[in-house]
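This is a walk through one protein chain, from its overall dimensions to single residues. Please have the sequence and the coordinates at hand.

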Amino acid sequence: MILVIGGAYQGKTAYVSAHAQGNITDGAICNFDDAKSSHYLKNYHVLVRRLLAENMDPIAFTAALCKENASCIVIMDEIGSGIIPLEYSERQWREL
């Protein structure tokens, strides 16, 4: 698995698109099974938020993704910098 991580709107998806062939699955809108079988998966940070909303374990999901689809390229925003959110759910998402 390859992880491409960085700030929002910094060209991560464009970079992967320029160096890879195939469609990129959007973790913000795809179903969870499609995410596990995708070659390129963007917005993984949003997918983690969706998993939490469905009371699913994002750590177990990521472990399964690594096991089932080791060649996947995952693209996500770095969300751990800046002000720590006041709401518990936002802090939980940020840490997971």
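What radius of gyration would a compact globule with 96 residues have, and what is the value for the protein chain? The model is a predicted one. A compact globule of 96 residues would have a radius of gyration near 12 Å, and the 13 Å of the protein chain agrees with that. Along the principal axes, the C-alpha trace spans about 40 × 25 × 20 Å.

Some totals describe the chain as a whole. Of its 96 residues, 34% count as buried. The accessible surface comes to about 6,200 Å², and 54% of this belongs to carbon and sulfur atoms. Among the contacts between residues at least 6 apart in sequence, 55% join residues at least 24 apart. The side chains include 8 positive and 11 negative ones, and the centres of these two sets lie 2 Å apart.

Next comes the secondary structure. The protein chain holds 5 helices and 4 strands, and their order along the sequence is β-α-β-α-β-α-α-β-α.

E4 covers residues 73-77. Strand E1 (residues 2-6) runs parallel to E4 and is joined to it by 5 bridges; in this pairing, Ile-2 stands opposite Ile-73. Strand E3 (residues 40-42) also pairs with E4 in the parallel sense, over 2 bridges. Here the bridge partner of Tyr-40 in E4 is Ile-73.

How many of the 5 residues of E4 are buried? The count is 5 of 5, and the strand is mostly covered. In a regular strand, side chains alternate between the two faces of the sheet. In E4, Ile-73, Ile-75 and Asp-77 point one way, while Val-74 and Met-76 point the other way. All of these residues are buried, on either side; buried here means a relative accessible area under 20%.

Tyr-9 is not a glycine, yet has a positive phi of about 60 degrees. Tyr-9 sits in the loop between E1 and helix H1 (12-19). Asn-55, also not a glycine, has a positive phi of about 60 degrees, and its place is the loop between helix H3 (44-53) and helix H4 (58-68).

Are these two residues buried or exposed? Tyr-9 has a relative accessible area of 84% and is therefore exposed. Asn-55 is exposed as well, with a relative accessible area of 74%. The cut-off for exposed is over 50%.

Key
Residues numbered from 1 in each chain as written. Predicted model: local features only at pLDDT ≥ 70, side-chain atom pairs only at ≥ 80, totals over all residues. Heavy atoms only, no water. Rg over C-alpha atoms; globule rule 2.2 N^0.38 Å. Buried < 20%, exposed > 50% of the residue type's maximum accessible area, 1.4 Å probe, protein only. Contact = heavy atoms within 4.5 Å. Areas by Shrake-Rupley, 256 points an atom, 1.4 Å probe, with all protein chains shown as cover. Lys, Arg positive; Asp, Glu negative; His and termini not counted. Charge placed at Lys NZ, Arg CZ, Asp CG, Glu CD. Pairing = 2+ DSSP bridges.
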